[in-house]
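Visitor: I should like to understand this structure step by step. May we look at it together?

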Amino acid sequence: MTWFTGIVVYALVWWTVLFAVLPFWTRPVTDPEEKTHFRGAPERPLLLRKVLVTTLVSGIVWLGIWALVESDWVSFRAGS
């Protein structure tokens with residue numbers, strides 16, 4: 001895996017994991033009469049925590065993908 005391919009794979013994994021992590025630790029707005037939030041928006045989104053968790057999980061998943069690509073378990077080249 002070249003460095004460019006590694007960066008592209010990491011970016012794809014990061015965005016996929018972000019969408020998986022976004023629903024964690026969310027609670028809907030408790031007062032439905034309050035007009036400052038959309039009724040489906042979380043009261044406290046905790047985005048920094050979610051970005052940190054996403055980065056950590058993405059790094060672990062990327063290392064697994066890198067190990068799989070670099071190993072001889074699966075060949076991505078024809079005839080190998």
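**Helices, loop and surface**

Visitor: Where is Trp25 found?
Guide: The model shown here is predicted. Helix H2 covers residues 47-70. Trp25 is found in the loop between H1 and helix H2.

Visitor: Is Trp25 buried, partly exposed or exposed?
Guide: Buried would require under 20% relative accessible area, and exposed over 50%. The relative accessibility of Trp25 is 42%, so this residue counts as partly exposed.

Visitor: Which residues does Trp25 touch, not counting those up to four places away in sequence?
Guide: The loop between H1 and H2 holds Trp25, and Leu46 lies in that loop too. Leu46 is one of the residues that Trp25 touches. With residues up to four places away in sequence left out, the contacts of Trp25 are Arg44, Leu46, Arg49, Lys50 and Val53.

Visitor: What is the phi of Leu46?
Guide: Leu46 is not a glycine, yet its phi is positive. Trp25 likewise has a positive phi, near 60°, in a residue other than glycine. For Leu46, phi is about 55°.

Visitor: How far apart in space are Trp25 and Pro42, C-alpha to C-alpha?
Guide: In sequence, Trp25 and Pro42 are 17 residues apart. In space, their C-alpha to C-alpha distance is 9.1 Å.

Visitor: What span should H1 have, and how far apart are its end C-alpha atoms?
Guide: H1 comprises residues 3-21. At 1.5 Å a residue, its 19 residues should span 27 Å. This agrees with the distance between the end C-alpha atoms of H1, which is 26 Å.

Visitor: Against which element do the buried residues of H1 pack?
Guide: The buried residues of H1 are Gly6, Val13, Trp14, Val17, Leu18 and Val21. They lie on the same side of H1, because they cover an arc of only 140° around the axis. In an α-helix there are 3.6 residues a turn, so residues three or four places apart point the same way. The element against which the buried residues of H1 pack is H2.

Visitor: Which exposed residues does the face of H1 turned away from its buried side carry?
Guide: The buried side of H1 includes Val13 and Val17. The face turned away from that side carries the exposed residues Phe4, Leu12, Thr16 and Phe19.

Visitor: Which residues make the nonpolar surface patch of about 590 Å²?
Guide: Trp3, found in helix H1, has 67% relative accessibility and therefore counts as exposed. Trp3 is one of the residues in the patch. The patch is made by Trp3, Phe4, Ile7, Val8 and Leu12.

How values were computed:
Residues are numbered from 1 along each chain as its sequence is written. This is a predicted model: local features need pLDDT of at least 70, side-chain atom pairs count only at pLDDT 80 or more; totals for chains, interfaces and linings use all residues. Side-chain values use heavy atoms; hydrogens and water are left out. Patches are made of residues with over 30% relative accessible area and no salt bridge: like charges are joined within 9 Å, nonpolar side chains (Val, Leu, Ile, Met, Phe, Trp, Tyr) within 5 Å. Accessible areas come from the Shrake-Rupley method with a 1.4 Å probe; for residues, only the protein chains shown count as cover. A salt bridge is a side-chain nitrogen of Lys or Arg within 4 Å of a carboxyl oxygen of Asp or Glu. Helices (H or I, at least four residues) and strands (E, at least two) are DSSP runs, numbered from the N terminus. Buried means under 20% relative accessible area, exposed over 50%, partly exposed in between (1.4 Å probe, protein chains only). The expected span of a helix is 1.5 Å times one less than its number of residues. The arc is that of the directions from the helix axis to the C-beta atoms. Contact means heavy atoms within 4.5 Å.
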